[in-house]
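Trainee: Please take me through how to read this model, one feature at a time.

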Amino acid sequence: MSGGTEVLSEAEEAGATIVLRDVSRWYGNVVAVNGMSFTAGPGITGLLGPNGAGKSTVLHMLSGFLQPSAGEVTVLGEPAWGNPGLYRRLGLVPERESVYGSLTGYEFVRLNARLQGLSDADESARQAIRLVDLEDAADRSTGGYSKGMKQRIKVAAALVHDPAVLLLDEPFNGADPRQRLHMIELFRKLAAEGRTIIFSSHILEEVERLAERVLVVVGGRLAASGAFREIRRLMTDRPHTFTLRTSDDRRLAAALVGHASVVGVEFGAEGLTVRTSQLGAFALAIPTIARSCGVTLRELRPTDESLEDVFSYLVNR
Amino acid sequence: MIGIIAVMTLRQLLGRSRTILLGLLALLPILLALAYRIGSEDTDQQKWVAQVLFDGLIVTVLLPLLALVYGTAALGAEIEDGTAVYLLAKPVSRTKIIIGKLLAAWALTSVTVLVPGLVAGWIGLQGVPGHGLLVGFGIALVTGSLVYSALFVMLSVITSRALIAGLVYVFIWEGLINGLFAGTRLFSVRHYTLAVADIFVDLPRTVLDAKLGSVPAVVLMIAAIGATVWYAIRRLRRFEIGEST
């Protein structure tokens, strides 16, 4: 997989099931996606980013529900926009939890099978429901389903025609840990069979557990892409900021300034703010430094650990 | 495929509490006809049935109102609650989707307005010849339902405020403007409907006075159905689901 705003090479596009070429999408004056390019092939790719980053817009363009304002989106070699025939090979799990509330789970999945034109809609529906482990509730009205059950029946509906590409918008919303684990196993199995799975999430741990490759989307741009370990390393190696409350801020500040892991020290109303470029070295050094200069550490608190801060760093690095 | 979509839509529409309430509203003509037969001293039953029951209540109020609710909900309710994605993310031509939705809205509107309308007309005409009133209005209601349904299904594809747009059409355009400017009746489903009824009714103009000729009305009806269905399909082909909707 590759990504960024650079021009994609032929090698990158060869074998890719999903290609975005310099894609932008705007709503009036608001730019939701800005010059994004990436390819993805079989396996699980996570779209990671804070709320409002443009993940859903990317998924909507991939699923043919939004026309790119500029650029080109292809899925399985075909344009995604204005191409209903593509849905024979594409499955979609939307973020909104709404399903046809008057239908039972089985009827809902069978309806999806019939709309796909499957010859044996009944058996296909049963198989898909079995996949998501919802056989016990299949004959109940979906209107009475929990959030997690609705997620699973939506996944069954998306899988009923055995698609080559599966797009999942925040698929774990409302799922309890057991359901989450089951779905993770299911998606891994589907990916191992050669399917391309793209899913969006704003939760790092979800992406870490499921995605083999990650696209970090922030402010409508692709901030980073690659294997999850690479992204995790970038996130860990970024400069970190801590707030310290001690028995003697000035003495500790003087001691810290000379340490190689520290790039800045400031006094503030909340105490001492320390910026470090080497998280591991700083974490090991701070107790020793404090003890050596006779200062008691009362509080050590990271101040930039929100996901938004991490994403902002990736964008601006 | 059209049948699957139409049946699914009917099921969705019938599952809504609004549909049940409107079904009760459709009983109003029967109650009115019973009240007329029991309490009124008006002896011109044909005139009452044509002008008060059919034109005044059913064609002017009930038919457009029912068609508006069912027509805009057939696809619009799914767009609004997000379930339209399950239909649109299928390898189904947008023409079939619109036709299926239209058939469902048309069937529901026709049945809901036609059955109580005919029963009420039959009650109102007891003891006098109908001179084609029941047949004429029966056919007019079915054809009028189709034009209204096509119009309102189209509105639901082009705007999220289809119900308001439809109410403006029914009560401002047809109810007010058409009364003030005769030329605007060329674009009035209500006048098409009355003109179709007039083809089958053998009564003087003092009883039923359709403002449009039958031939232009039928031609305009066909044109209106064709244009609204064509435009709805065209808009659905370019329909977007995303942050903007």
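Trainee: How far apart do the C-alpha centres of domain 1 and domain 2 of chain A lie?

Mentor: Domain bounds come from an automatic or database domain assignment. In chain A, domain 1 covers 2-231 and domain 2 covers 238-316. Their C-alpha centres lie 41 Å apart. This is a predicted model, where local features need pLDDT of at least 70, side-chain atom pairs count only at pLDDT 80 or more, and totals for chains, interfaces and linings use all residues. Residues are numbered from 1 along each chain as its sequence is written, with chains lettered from A and ligands numbered from 1 in the order in which they are written.

Trainee: How many residues does each chain bring to the contact?

Mentor: Two residues are in contact if their C-beta atoms, placed from the backbone, lie within 7 Å. Chain A gives 28 residues and chain B gives 22. On the side of chain A that touches chain B, α2 (55-62) and α3 (105-115) each supply at least two residues. Helices (H or I, at least four residues) and strands (E, at least two) are DSSP runs, numbered from the N terminus.

Trainee: Where is A:Asp133 found?

Mentor: A:Asp133 sits in the loop between α4 (121-131) and α5 (147-159) of chain A. Its phi is positive, about 60°, although A:Asp133 is not a glycine.

Trainee: Why does A:Asp133 count as partly exposed?

Mentor: A residue is buried if 20 or more other C-beta atoms lie within 10 Å of its own, exposed if 12 or fewer, and partly exposed in between; C-beta atoms are placed from the backbone. A:Asp133 counts as partly exposed because it has 16 C-beta neighbours inside 10 Å.
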